[in-house]
Amino acid sequence: YDNLRVYALAAPPPSTKSERSPTAKGDKVVTNDLASAEITLYDDFADSASGWSIGASTSGEVFYTDGELHLVNLKDAASRTTSVRGLNLADVTVTYNSRWVDGDPDNWHTLLCRVDDDSATGISVGFSADGYYSAGVYVDGTRVREIVAPTPTDVINQGLDAVNNVKLACVGNQIRFWVNETL
């Protein structure tokens with residue numbers, strides 16, 4: 001991963017009403033205009049002391065190299081290799097670049113949103129280097145609901161060293177996920 005940006009959405013002025021419109025399900029549509037957001041965190045991964053968890057485990061290894069954060073997951077591992085920055089943020093948008101560098105193309109670049117670290121409860125969205133995307137709800141570490149089953153798309157740049165720009169917005173009760181500017 002490189003060029004990570006976390007945006008905290010700017011609050012509207014007190015005299016401005018929200019521009020949210022109800023949908024058929026009663027959910028609210030949330031506009032996510034990064035032009036009105038402030039960057040809360042930026043990391044180009046050039047400094048290995050920037051705070052992401054690194055090291056080896058039974059799942060794989062996480063390390064910095066050449067201005068990137070590499071996550072290596074062992075295919076037969078019981079759980080995924082992860083790295084966390086130690087920040088808990090609400091109503092944010094995260095953008096970053098992801099690049100597949102080795103191994104099986106059936107791998108997943110996964111982001112978690114609205115996660116309770118104690119019980120592994122939250123929402124996951126992700127994509128694989130072989131062109132699939134997916135989303136699901138986890139409770140106590142078990143996927144209890146599939147929001148989107150693994151679905152192929154030509155939006156994902158495939159192949160070794162292909163870079164994909166990723167954006168995830170967790171705003172209110174809405175989760176929105178883009179790869180290469182496609183929702």
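Q: Why is Arg-99 called partly exposed?
A: The relative accessibility of Arg-99 is 26%. Buried means under 20% relative accessible area, exposed means over 50%, and partly exposed lies in between (1.4 Å probe, protein chains only). Arg-99, at 26%, therefore counts as partly exposed. The structure is a predicted model, in which local features need pLDDT of at least 70 and side-chain atom pairs count only at pLDDT 80 or more, while totals for chains, interfaces and linings use all residues. Residues are numbered from 1 along each chain as its sequence is written, and side-chain values use heavy atoms, with hydrogens and water left out.

Q: Is Glu-68 buried or exposed, and how do you know?
A: Glu-68 has a relative accessible area of 13%, so the residue is buried.

Q: What makes the contact between Glu-68 and Arg-99 a salt bridge?
A: A salt bridge is a side-chain nitrogen of Lys or Arg within 4 Å of a carboxyl oxygen of Asp or Glu. The side chains of Glu-68 and Arg-99 meet at 2.5 Å, N to O, and the contact is therefore a salt bridge under this definition. Glu-68 belongs to strand S5 and Arg-99 to strand S6 (residues 92–99), and the two are 31 residues apart. Strands (E, at least two residues) are DSSP runs, numbered from the N terminus.

Q: Which residue forms a salt bridge with Arg-99 at 2.3 Å?
A: The partner is Asp-161, with the closest N and O atoms 2.3 Å apart. Asp-161 lies in the loop between strand S10 (142–152) and strand S11 (163–171), 62 residues from Arg-99. With a relative accessibility of 46%, Asp-161 counts as partly exposed.

Q: Why does the salt bridge of Arg-114 and Asp-91 tie together separate parts of the sequence?
A: The side chains of these two residues meet at 3.1 Å, N to O. Arg-114 lies in strand S7 (residues 108–116) and Asp-91 in the loop between S5 and S6, so the pair joins parts that are 23 residues apart in sequence. Arg-114 is partly exposed at 37% relative accessibility, and Asp-91 is partly exposed at 32%.

Q: How do you know that strands S4 and S5 pair?
A: Two strands pair if DSSP finds at least two bridges between them. Strand S4 (residues 60–65) is joined to S5 by 6 bridges, so the two strands pair, and they run antiparallel. Val-62 stands opposite Leu-71 in S5.

Technical notes:
Helices (H or I, at least four residues) and strands (E, at least two) are DSSP runs, numbered from the N terminus.
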